[in-house]
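Please look over the chain shown below before reading on.

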Amino acid sequence: MSAIYLRIFTTRKWADDLARIVARKGTVQEIIDASEFIFDNFIDVNDSTYSLVACTKNIEPVDPLSTELVRLGYHDIDTIKTADSIGAIEEWRDQKEVHVFGPDSIAPYQYVTSVLRSGNSYAGHVVMVCSNHDVTPGTLDLFKILSSACQQVVSSALFNESPTALFLRKVIDDARLTQAYLDEQSALLNLETRGWFSLEMIDYRVGEYVEQPSWIASMLQKAYPDRFVFSYEDSLLVLSFYKDKHVSRRKEDFDKLNAFCREMKCMGYTSDAFERLRDLRFALAQARIARTYKSCIDIELRPLDNIDSRRVIHFSDAFAYYCLDARDQDSDLWSFCMSHTILDDIAAAEPGHSTSDIKLLYYYLFNERKTTPTAQQLHMHRNNVLYRINSIEKKFGINLEQFSVRERLISYYRYKILTSNKFRQLLV
């Protein structure tokens with residue numbers, strides 16, 4: 001009887017110790033440390049990115065999966081894909097109570113697992129590998145106490161975000177920030193305030209990882225180690241900085257993002273390039289506009305730009321719909337979109353030909369890209385027209401094969417002709 005009383009006393013003291021750790025907002029590792037002697041099996045806790053949060057310090061893993069987790073600090077992407085291919089990831093994420101897996105070809109021992117959640121989102125797992133002791137009803141009851149303590153710590157923990165993410169959110173939310181404040185805070189965070197920026201918005205809600213935004217964020221950070229990845233409301237944002245316009249690099253980044261979204265089964269939306277960090281809110285508005293008109297873009301571009309293979313939509317694709325849809329026009333955003341267009345860039349970089357690039361591109365577009373009538377009207381040789389047009393496309397990163405690009409350029413021409421006498425003179 002003394003052994004039974006000792007076991008009951010030990011278990012009660014252990015449960016009290018866990019309660020104290022939770023009450024003072026301790027860590028998951030403290031909970032595992034306090035529980036190691038109770039279970040005498042290897043236990044680990046991973047987060048929603050499949051990275052190691054805590055594990056037993058005196059009991060080493062004996063199975064390949066746990067060994068990899070401890071050795072790398074996270075589960076390798078190939079391991080995740082393999083587990084996902086057989087439905088294991090979805091099964092783990094969807095479990096409601098403590099569950100026992102294995103043994104099987106993948107799990108050589110019995111695994112006792114419990115899911116952790118933060119609000120309605122998947123936050124991770126507590127996993128015990130039962131290599132030293134078999135699973136009994138009593139073991140499951142004790143494991144429920146352990147997982148409950150871990151869940152309380154996860155639920156009460158504040159989300160530890162970087163100062164950079166908090167600052168960038170403030171730039172988006174507060175248009176009244178002074179330039180002096182922006183410069184001061186940016187200097188402290190080692191951020192540029194002027195140059196060439198672009199913003200990508202990742203909509204993870206359409207894919208398989210709707211409950212795991214932190215998993216997508218971790219993969220984004222690995223794919224773009226020199227970018228700022230942060231969450232904002234219902235999306236993940238990627239802020240890129242270039243010291244100059246880097247047209248070719250932005251094209252490479254677009255293709256890379258498209259491949260990423262295809263692999264992660266999510267959607268991406270990108271803004272125009274912009275020159276001031278304080279205009280981040282306008283860039284986000286452009287990305288959201290691209291998302292707003294996605295269904296229209298799908299219909300319009302399907303026979304023209306092979307939209308089925310694209311997982312990223314640029315603001316250019318939505319530009320015409322934005323211009324035509326007067327239901328929600330923001331005058332400040334409209335001004336931002338029209339104040340620095342590709343036509344302004346072309347005009348500023350005019351090489352000094354007898355026929356300007358602005359005029360050449362205008363005639364070429366309105367002649368529906370027919371070289372002969374363009375050459376005749378401008379008194380140029382047909383081959384010279386083709387050479388100059390190819391040079392404009394390469395220098396400014398535009399692809400006139402895309403219908404949306406041509407449509408946006410024509411809209412710009414019409415707007416500039418309507419609003420600027422100086423611009424009209426360039427076309428005479």
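How many bridges join β6 to strand β8 (residues 235–242)? There are 7 bridges between β6 and β8, and these strands run antiparallel. This is a predicted model, in which local features need pLDDT of at least 70 and side-chain atom pairs count only at pLDDT 80 or more, while totals for chains, interfaces and linings use all residues. Residues are numbered from 1 along each chain as its sequence is written, and side-chain values use heavy atoms, with hydrogens and water left out.

- Strand β6 covers residues 194–203; strands are DSSP runs of E with at least two residues and helices are runs of H or I with at least four residues, numbered from the N terminus.
- Of the 10 residues of β6, 9 are buried, where buried means under 20% relative accessible area, exposed means over 50% and partly exposed lies in between (1.4 Å probe, protein chains only).
- I202 has L236 as its bridge partner in β8 and G268 as its bridge partner in β9, whereas R194 is bridged to R276 in β10.

**Nonpolar cores and a buried helix**

- The largest nonpolar core holds 61 residues, and those with the most contacts inside it are L343, L361, L400 and L409; such a core is a set of buried Ala, Val, Leu, Ile, Met, Phe, Trp, Tyr and Cys residues joined through side-chain atoms within 4.5 Å.
- Helix α11 (residues 280–292) supplies the largest share of this core, 7 residues.
- Leaving aside neighbours within four places in sequence, L343 is in contact with I358, L361, L409, Y412, Y413, K416 and F423.
- A second, separate core has 26 residues, including V22, I38, I43 and A123.
- Helix α13 (residues 315–324) has 7 of its 10 residues buried, so it is largely enclosed by the rest of the structure; among the buried residues are F315, D317, F319 and Y322.

**Aromatic rings and charges**

- The structure holds 16 aromatic pairs, defined by rings of Phe, Tyr and Trp (its six-membered ring) with centres within 6.5 Å, planes under 30 degrees apart counting as stacked, over 60 as edge-to-face and the rest as tilted.
- The rings of W334 and Y415 have centres 5.9 Å apart and planes at 80°, so this pair is edge-to-face.
- This pair links distant parts of the chain, with W334 in helix α14 (residues 331–339) and Y415 in helix α19 (residues 403–419), 81 residues apart.
- Ring pairs also link F315, F319, Y322, W334, Y412 and Y415 into a cluster.
- The charged end of K222 sits over the ring of Y74, 4.4 Å from its centre, and K256 lies over the face of Y224 at 4.9 Å from the ring centre; the criterion is NZ of Lys or CZ of Arg within 6 Å of the ring centre and within 35 degrees of the ring normal.

**Backbone features**

- Most residues other than glycine have a negative phi, and most peptide bonds are trans.
- A cis peptide bond, with omega about -5°, joins G102 and P103, and P103 is placed in the loop between β3 and β4.
- E233, in the loop between β7 (228–232) and β8, has a positive phi near 55° and counts as exposed at 61% relative accessibility.

Key:
Contact = heavy atoms within 4.5 Å. Pairing = 2+ DSSP bridges.
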